[in-house]
Amino acid sequence: MLKIGGYEFSSRLLLGTGKYPDFDIQRKAVDVSGTEILTFSVRRMNIFEAGQPNFLENLDITKYTLLPNTAGAKTAEEAVRIAKLAKASGLCDMVKVEVIGCLKTLLPDPVETLKASEELVKEGFTVLPYTSDDVLLARRLEELGCHAIMPGASPIGSGQGIINPLNLSFIIEQCQVPVIVDAGIGTPSDAAIAMELGAAGVLLNTAVSGAKDPVKMAEAMKFSIEAGRLGFEAGRIPQKRYATASSPVEGMSFN
Amino acid sequence: MKLVVNGERVVVPNTVETVTELLRHFELNQKVIIVELNAEIVGKEKHAETLISFGDKIELVHFVGGG
């Protein structure tokens with residue numbers, strides 16, 4: 001079970017809802033992924049196009065725990081405001097704190113992320129900050145009372161996969177709260193590696209929504225995350241420099 | 001009545017007096033929507049009783065796809 005604050009989940013996949021080819025493909029991908037947590041963003045609506053369907057209307061949102069992000073925020077103040085707006089919907093009390101510090105890399109601003117997370121913990125939110133892969137920052141966020149830590153694997157939407165396994169493993173080893181690898185996942189094997197490192201979950205979006213067949217990729221991610229988790233729990237063999245025969249040496253001579 | 005909704009100057013009929021009526025005017029009453037009136041969030045339960053007046057700055061936000 002994945003426990004985040006007062007919530008419990010059997011799926012370890014957190015799925016984003018951005019950039020699917022259409023709502024029907026999105027619904028099918030969400031369904032087949034087995035996810036129980038959906039992320040989304042908060043935006044001004046176009047009041048002159050009120051008739052436009054919204055993605056929420058196409059999903060049975062009672063089946064999911066909703067995780068709004070604070071994407072678009074560049075400061076702690078903006079992130080807190082977006083989080084409060086999302087909570088005012090009455091649909092969620094979780095928030096993915098996302099304070100972007102650099103538009104080219106979309107890497108999080110650690111100082112503003114820390115400030116926003118502190119404020120939101122005090123306000124009673126279930127707080128999941130998207131952070132850089134710094135173990136000391138992760139520990140500080142945990143000390144503040146964050147309910148999960150979400151370090152990036154590589155830049156958002158880059159599909160570069162896990163470029164920092166050492167840093168991620170430091171965070172996983174040193175944090176008591178769940179560590180969810182967020183951003184940069186490209187392939188099922190990337191997700192499996194995150195889980196083999198001991199991550200409690202994986203948050204991804206573009207890897208599925210941008211795939212040639214998003215529904216099939218959603219299913220692949222589900223299996224890879226399950227496989228990676230099983231592999232982690234089973235405990236891998238140590239790596240060695242030289243070979244060790246798996247067949248017995250005894251009784252080899254048939255002469 | 002003149003208002004600023006989502007940064008745009010709009011004119012609504014004078015019969016629109018509350019947040020609920022404003023949402024109905026824009027045909028948003030069936031939507032998942034969050035209302036901010038002059039930078040203060042107006043909870044859903046307060047929509048019907050919250051009055052709007054000339055020059056108010058109103059933000060109407062909703063949820064969109066994101067990761």
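This text walks through parts of chain A and then chain B of a predicted model.

Begin in chain A with strand β7, residues 126-131. This strand is mostly covered, as six of its six residues are buried.

Next, look at the strands beside β7(A). One of its partners is strand β6, residues 94-97 of chain A, which pairs with β7(A) in the parallel sense over four bridges. One point to find in the structure is A:M94, whose bridge partner in β7(A) is A:T126. To get from β6(A) to β7(A), the chain passes through helix α3, residues 110-122, and this β-α-β crossover is right-handed.

Strand β8 of chain A, residues 150-151, also runs parallel to β7(A), and two bridges join them. Here A:T131 has A:P151 as its bridge partner in β8(A). The path from β7(A) to β8(A) leads through helix α4, residues 135-144 of chain A, and this β-α-β crossover is right-handed as well.

Is A:T70 buried or exposed? Its relative accessible area is 0%, so A:T70 counts as buried, the cut-off being under 20%. Leaving aside neighbours within four places in sequence, A:T70 is in contact with several residues, among them A:A79, A:I82 and A:A83. Its contacts also include A:V95, A:K96 and A:V97.

Chain B can be taken as a whole before going into detail. It holds one helix and five strands, and from the N terminus on their order is β-β-α-β-β-β. Its radius of gyration is 12 Å, close to the 11 Å that the globule rule gives for 67 residues, so chain B is as compact as a globular protein of that length. Along the principal axes, the C-alpha atoms fill a box of roughly 40 × 25 × 20 Å. Of the 67 residues of chain B, 48% count as buried. Among contacts in chain B between residues at least 6 apart in sequence, 54% join residues at least 24 apart. Chain B exposes about 3,700 Å², and carbon and sulfur atoms supply 49% of this area.

The last stop is B:E36, in strand β3 of chain B, residues 34-37. With a relative accessible area of 4%, B:E36 is buried. Apart from neighbours within four places in sequence, its contacts within chain B are with B:I41, B:K57, B:I58 and B:E59. B:E36 is also in contact with A:R81 and A:L85 of chain A. With A:R81 there is a polar contact as well: 2.3 Å joins the two side chains.

Note on methods: Residues numbered from 1 in each chain as written. Chains lettered and ligands numbered in written order. Predicted model: local features only at pLDDT ≥ 70, side-chain atom pairs only at ≥ 80, totals over all residues. Heavy atoms only, no water. Buried < 20%, exposed > 50% of the residue type's maximum accessible area, 1.4 Å probe, protein only. Contact = heavy atoms within 4.5 Å. Pairing = 2+ DSSP bridges. Right-handed = clockwise from strand over helix to strand, strands pointing away. Rg over C-alpha atoms; globule rule 2.2 N^0.38 Å. Areas by Shrake-Rupley, 256 points an atom, 1.4 Å probe, with all protein chains shown as cover. Polar contact = N/O pair within 3.5 Å; in protein donor to acceptor, adjacent residues only side chain to side chain.
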